[in-house]
Amino acid sequence: MARKTYQGEKNDKSRTMNKLIQSVGIVLEKKGYTGLTIANIASTAGVDRKLISVYFGSVENLIETYIKGKDYWVEATAAAEQTLANSKDESTRHFLENLLLEQIHYFALNEEMQKVVLWQISEKSDIMSHVTQSREKMSSLFFPYSDKELAGRNVDLRAVSSLLVAGIYYLVLHTKMTDSTFCEIDLTTEEGMNRIKEAVKFILKQTYGAE
């Protein structure tokens with residue numbers, strides 16, 4: 001009987017933690033990052049606000065847990081090491097191209113993460129500092145492989161990648177926050193987004209000097 005009681009308490013804790021984590025996303029989508037208060041998150045989850053401190057230590061840790069669980073680059077890093085090792089005979093261009101095309105797709109559909117990036121560039125915070133440091137783990141995994149492939153060539157793939165990643169973020173946000181085209185491209189259409197994807201492929205092809 002004691003074991004069943006413990007298991008029940010464990011399951012209750014897990015359910016409550018999941019409620020709180022999901023509530024961060026709900027509040028973020030409805031109220032933006034300024035609405036991420038203890039009161040709003042606990043109320044949305046329907047639990048006592050004290051449980052945030054009990055289970056996560058602080059509301060900041062809770063928010064960081066949510067963001068890291070949703071962030072495209074943090075999630076992609078988890079599978080990157082094995083993928084790169086298994087494809088060591090292939091050009092790293094294909095790996096990077098797939099990452100960037102998936103970033104476009106994921107970010108365009110995820111309104112919560114759009115608000116997270118807006119938060120990231122709007123004010124300085126320890127939470128976003130920790131998240132961006134986690135994103136950089138992908139760089140430490142990927143670039144050693146690309147450095148070997150591009151050795152001896154006058155190519156700054158880190159700078160090119162920086163512009164592409166940042167450009168994708170900005171173009172998606174621009175599309176969501178304004179009603180205007182960008183360089184006469186309507187990014188609200190599939191045709192417009194496909195033009196951006198083709199441009200990403202073209203830039204990487206030129207950078208790698210691929211045929």
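Reader: Happy to start with confidence: what is the average pLDDT of the protein?

Author: This is a predicted model, and its pLDDT averages 89, with 93% of the residues scoring at least 70. Among the elements, helix α11 (residues 190-208) has the highest mean, 96, while helix α1 (residues 2-31) has the lowest, 78.

Reader: Thanks! Now to a pair of helices: why are α5 and α9 called roughly parallel?

Author: Good one to ask. The axes of α5 (residues 72-86) and α9 (residues 137-149) cross at roughly 25 degrees and come within 9 Å. Angles under 35 degrees count as roughly parallel, and therefore α5 and α9 are given that label. As for handedness, the crossing of α5 past α9 is left-handed.

Reader: And which residues make the contact?

Author: From α5 come W73, A76, T77, A80, E81, L84 and A85, and from α9 come K137, M138, L141, F142 and Y145. By class, the residues of this contact are nine nonpolar, two charged and one polar.

Reader: Which residues is S134 in contact with, leaving aside its neighbours within four places in sequence?

Author: With those neighbours set aside, S134 is in contact with K68 and V74.

Definitions and conventions. Residues are numbered from 1 along each chain as its sequence is written. This is a predicted model: local features need pLDDT of at least 70, side-chain atom pairs count only at pLDDT 80 or more; totals for chains, interfaces and linings use all residues. Side-chain values use heavy atoms; hydrogens and water are left out. Axes are lines fitted to C-alpha atoms, for helices over the stretch in contact, and angles run from 0 to 180 degrees between N-to-C directions. Helices (H or I, at least four residues) and strands (E, at least two) are DSSP runs, numbered from the N terminus. Angles under 35 degrees count as roughly parallel, over 145 as roughly antiparallel, 65 to 115 as roughly perpendicular and the rest as oblique. A crossing is left-handed if the near helix is turned anticlockwise from the far one by less than a right angle, and right-handed if clockwise. Contact means heavy atoms within 4.5 Å. Ala, Val, Leu, Ile, Met, Phe, Trp, Tyr, Cys and Pro count as nonpolar, Asp, Glu, Lys and Arg as charged, and the others, Gly among them, as polar. pLDDT is the predictor's confidence in each residue, from 0 to 100.
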